[in-house]
Amino acid sequence: MVDTGTTGLYISDEFFYNILRRSKGFRNCRVDVKTERHNLQSLSASRPNPHFLVFPVKFPWLDESKAHLIVLGLAFLENGEITFDVDDGRISFHGDYPNPPKDDKF
């Protein structure tokens, strides 16, 4: 999930602590999203960015035995622009993101 009202990274509670037990903290994060044209769009953030804060969160409506939720904030979107087309159900990324597909939609 992308939330432009958030700055860092929120991870569903159980998944957050599972990752934390296996790692030495959160220094960086990269999320690859497959586009309609089967390209990968990468969104990333790392510790040098002051907006890259990582928090666990409980979503009361989420059954964590079936799924986990990761919410990406502005730290992942600082290198470009994002356009949400609610009518067509698409997201477009424009700018200097890693591995940016040209004019690709999600």
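Rings of Phe, Tyr and Trp (its six-membered ring) are taken to pair if their centres lie within 6.5 Å, with planes under 30 degrees apart counted as stacked, over 60 as edge-to-face and the rest as tilted. The model shown is predicted, so local features are reported only at pLDDT of at least 70 and side-chain atom pairs only at pLDDT 80 or more, while totals for chains, interfaces and linings use all residues. Residues are numbered from 1 along each chain as its sequence is written, and side-chain values use heavy atoms, with hydrogens and water left out.

**View 1. An aromatic cluster formed by Phe16, Tyr17 and Phe26.** Ring pairs join Phe16, Tyr17 and Phe26 into a cluster, and a search of the whole structure finds five aromatic pairs. The rings of Phe16 and Phe26, by contrast, are stacked, because their centres are 5.1 Å apart and their planes stand at 20°. Phe16 and Phe26 are both buried, where buried means under 20% relative accessible area, exposed over 50% and partly exposed in between (1.4 Å probe, protein chains only). The relative accessibility of Phe16 is 6%, whereas Tyr17 is partly exposed at 37%.

View 2. Three strands form an open sheet in the order S4-S1-S5, with mixed pairing; two strands are said to pair if DSSP finds at least two bridges between them. Strand S4 (54-57) and strand S5 (70-72) stand at the edges with a single partner strand each, so one side of each lacks a neighbour in the sheet. From one strand to the next, the twist averages 20°. Strand S1 (residues 9-12) runs parallel to S4 and is joined to S4 by four bridges, with Tyr10 standing opposite Phe55 in S4. Helix H1 (residues 13-22) packs on the sheet and touches S1, S4 and S5, its direction making about 100° with that of S1; contact means heavy atoms within 4.5 Å, and axes are lines fitted to C-alpha atoms, for helices over the stretch in contact, with angles running from 0 to 180 degrees between N-to-C directions.

**View 3. The largest nonpolar core and the surroundings of Phe52.** A nonpolar core is a set of buried Ala, Val, Leu, Ile, Met, Phe, Trp, Tyr and Cys residues joined through side-chain atoms within 4.5 Å. The largest one has 14 residues, of which Leu9, Ile11, Leu43, Phe52, Val54 and Phe76 touch the most other members. S1 and strand S3 (40-46) each supply at least two residues of this core. Leaving aside residues up to four places away in sequence, the residues that Phe52 touches include Leu9, Phe26, Cys29, Ala45, Ala75 and Phe76.

View 4. The structure holds two salt bridges, each defined as a side-chain nitrogen of Lys or Arg within 4 Å of a carboxyl oxygen of Asp or Glu. In the pair formed by Asp13 and Lys58, the closest N and O atoms are 3.2 Å apart. Asp13 lies in helix H1 and Lys58 in the loop between S4 and S5, so this pair ties together parts that are 45 residues apart in sequence. Asp13 is buried at 18% relative accessibility, whereas Lys58 is exposed at 62%.
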